[in-house]
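Trainee: I would like to take a close look at a single part of this model, and then follow how that part connects to its surroundings.

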Amino acid sequence: MKCKIKNSELAKKSIALQGLTQVELSMIIGISKPYLSQVLNKKRTCKASTAKKISDALHSDIKTQFNVFV
């Protein structure tokens, strides 16, 4: 399954509210900063497992943050 971020601005605000930078978040969830940036800016989709890691790190439900499609 592929996932696409619903609201990139909301996701970025959630990262900031967690007291994290995109670099820190990427390190925590084990993906590169450029890849995370592309996902957050709607330039790339990601696997459901990556979307789950991002959502979990932001203490959010995956359905709130991402559109999931096949």
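Trainee: Which elements do the buried residues of helix 1 pack against?

Mentor: The model is a predicted one, and in it the buried residues of helix 1 pack against strand 1, helix 2, helix 3 and helix 5. The residues concerned are Ser8, Ala11, Ser14 and Ile15, which are buried in helix 1.

Among the partners of helix 1 is helix 2, which spans residues 22-29 and has Gln22, Leu25, Ser26 and Ile29 as buried residues. These four cover an arc of only 100 degrees around the axis, and therefore sit on the same side of helix 2. Met27 and Ile28, by contrast, are exposed on the face of helix 2 that is turned away from its buried side. The buried residues of helix 2 pack against helix 1 (8-17), helix 3 (33-40) and helix 4 (48-57). Just after helix 2 comes glycine 30, whose phi is positive, at about 80 degrees.

Two packed helices are described by the angle between their axes and the distance between the axes. For helix 2 and helix 3, the axes come within 9 Å and cross at roughly 110 degrees. Because an angle of 65 to 115 degrees counts as roughly perpendicular, helix 2 and helix 3 are roughly perpendicular to each other. On the helix 2 side the contact involves Gln22, Val23, Leu25 and Ser26, which meet Lys33, Leu36, Ser37 and Leu40 of helix 3. Sorted by class, the residues of this contact between helix 2 and helix 3 are four nonpolar, three polar and one charged.

Beyond helix 3, in the loop between helix 3 and strand 2, lies lysine 42. Lysine 42 counts as partly exposed because its relative accessibility is 39%. If neighbours within four places in sequence are left aside, lysine 42 is in contact with Lys4, Ile5, Lys6 and Ser8, and Ser8 is one of the buried residues of helix 1. Between lysine 42 and glutamine 22 there are 20 residues in sequence and 15 Å in space, taken from C-alpha to C-alpha.

Helix 4, which the buried residues of helix 2 also pack against, has its own buried residues, namely Thr50, Ala51, Ile54, Ser55 and Ala57. They cover an arc of only 165 degrees around the axis, which puts them on the same side of helix 4. The cover over the buried residues of helix 4 includes strand 1 (2-5), helix 2, helix 3, strand 2 (46-47), helix 5 (62-65) and strand 3 (66-69). Just after helix 4, histidine 59 has a positive phi of about 55 degrees.

The cysteines complete the picture. A search of the whole structure finds zero disulfides. Cysteine 3 is in no disulfide, and the nearest cysteine sulfur to it, that of cysteine 46, is 5.2 Å away, whereas a disulfide would need the two sulfur atoms within 2.5 Å. Cysteine 3 counts as buried because its relative accessibility is 0%, and cysteine 46, at 0% relative accessibility, counts as buried too.

Definitions and conventions:
Residues are numbered from 1 along each chain as its sequence is written. This is a predicted model: local features need pLDDT of at least 70, side-chain atom pairs count only at pLDDT 80 or more; totals for chains, interfaces and linings use all residues. Side-chain values use heavy atoms; hydrogens and water are left out. Buried means under 20% relative accessible area, exposed over 50%, partly exposed in between (1.4 Å probe, protein chains only). Helices (H or I, at least four residues) and strands (E, at least two) are DSSP runs, numbered from the N terminus. The arc is that of the directions from the helix axis to the C-beta atoms. Contact means heavy atoms within 4.5 Å. Axes are lines fitted to C-alpha atoms, for helices over the stretch in contact, and angles run from 0 to 180 degrees between N-to-C directions. Angles under 35 degrees count as roughly parallel, over 145 as roughly antiparallel, 65 to 115 as roughly perpendicular and the rest as oblique. Ala, Val, Leu, Ile, Met, Phe, Trp, Tyr, Cys and Pro count as nonpolar, Asp, Glu, Lys and Arg as charged, and the others, Gly among them, as polar.
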